[in-house]
Amino acid sequence: MNDIPSIVLHQDASAQARTRLGVALGLARASDAQVTALYAVSSIYAQFPFAVVSSSDAAAVLRDIEDASLAKARASFESATRDGGVKIGWASVVVEATRAFAREGRCADLLVLGQRDPESREAAFVPPDFVESILIESGRPALIVTYVGAPEAIGRVALVAWKSSRESARAVSAALPLLRHCERLHVATWTEDDDDEDNGPLNNEGFLRSHGLVPTMHGSGGTPGDIGDALLSLAADLSADLLVMDCYGHARAREWALGGATRSVLGSMTLPVLMSH
């Protein structure tokens, strides 16, 4: 069954990129998906603009650094996909990385991104707000892989964070192809102050059961003090290997202002997270 027809994967020259590639290949094999591996980084010239005008030698050094990074990423890609068996293509952009990736991602069913590793040398090549910008600008769901690695199988034990919001509903719908293969499915729900209680609670469990899923419900009543930390703590207690949740954010003063739960999870996540805005 082709549950996820198309995937766009973010690639760079980091060690974590190979982990993301492995995750995308696993999803592609399970769903017979078409994968586009897109090497998307910012030009190093933007970080050292004065070097370009100071001397031709300095500009050449920067160009060599960019070329070496691209070559490293491409070599890792070729090595990992040498055996074939998956429909996968390669593309690259080194200008307006976020905009180019978001544009490509709009034509995919799922994006595979990586949590930012602040200690990685290659992090300098990727905009610091790349993941959150892609989530909001592309309008597509994304599976975000932690920089510490990924489990052998994703979604054996899944935790869904479900609340009364458009973003949450979209995230759950996008995750259904993965949730159908769960051995255990847990759903955490809570009530926020601005929820419309006049119409009664949402039938979250009924929706999932209509898709052949049997969830274990975890109702928290009111909103936890820090939803992000609470979700990550519950995921650890359940030994979950997938968290499904919404991504809340909006543009403000040319930067993305994220909701507290989104910001907490992106910064402290210890398991793959499927998010949708």
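The side chain of Gln 11 reaches the backbone oxygen of Ala 17 at 3.1 Å, a polar contact in the sense of a pair of N or O atoms within 3.5 Å, where within protein one must be able to donate a hydrogen and the other to accept it, and where residues adjacent in sequence count only if both atoms are side-chain atoms. This is a predicted model, in which local features need pLDDT of at least 70 and side-chain atom pairs count only at pLDDT 80 or more, whereas totals for chains, interfaces and linings use all residues. Residues are numbered from 1 along each chain as its sequence is written, and side-chain values use heavy atoms, with hydrogens and water left out.

- Gln 11 lies in strand E1 (residues 6-11); helices (H or I, at least four residues) and strands (E, at least two) are DSSP runs, numbered from the N terminus.
- At 3% relative accessibility Gln 11 counts as buried, given that buried means under 20% relative accessible area, exposed over 50% and partly exposed in between (1.4 Å probe, protein chains only).
- Leaving aside residues up to four places away in sequence, Gln 11 touches Ala 17, Arg 20, Leu 21, Ala 37, Leu 38, Tyr 39, Ala 40, Phe 77 and Trp 90, contact meaning heavy atoms within 4.5 Å.

**Aromatic pairs**
- The structure holds four aromatic pairs, where rings of Phe, Tyr and Trp (its six-membered ring) pair if their centres lie within 6.5 Å, and planes under 30 degrees apart count as stacked, over 60 as edge-to-face and the rest as tilted.
- The rings of Phe 77 and Trp 90 have centres 5.0 Å apart and planes at 45 degrees, so this pair is tilted.
- That pair links distant parts of the chain, with Phe 77 in helix H3 (residues 56-80) and Trp 90 in strand E3 (residues 87-93), 13 residues apart.
- Phe 77 is buried, with a relative accessible area of 4%, and Tyr 39, Phe 77 and Trp 90 form one aromatic cluster.
- The rings of Trp 162 and Phe 207 have centres 5.6 Å apart and planes at 85 degrees, so this pair is edge-to-face.
- Trp 162 is buried, with a relative accessible area of 8%, whereas Phe 207, at 28% relative accessibility, counts as partly exposed.

**Helix H5**
- Eight of the nine residues of helix H5 (residues 130-138) are buried, so the helix is largely enclosed by the rest of the structure; among the buried residues are Glu 132 and Ser 133.
- Just after H5, Gly 139 takes a positive phi of about 70 degrees.
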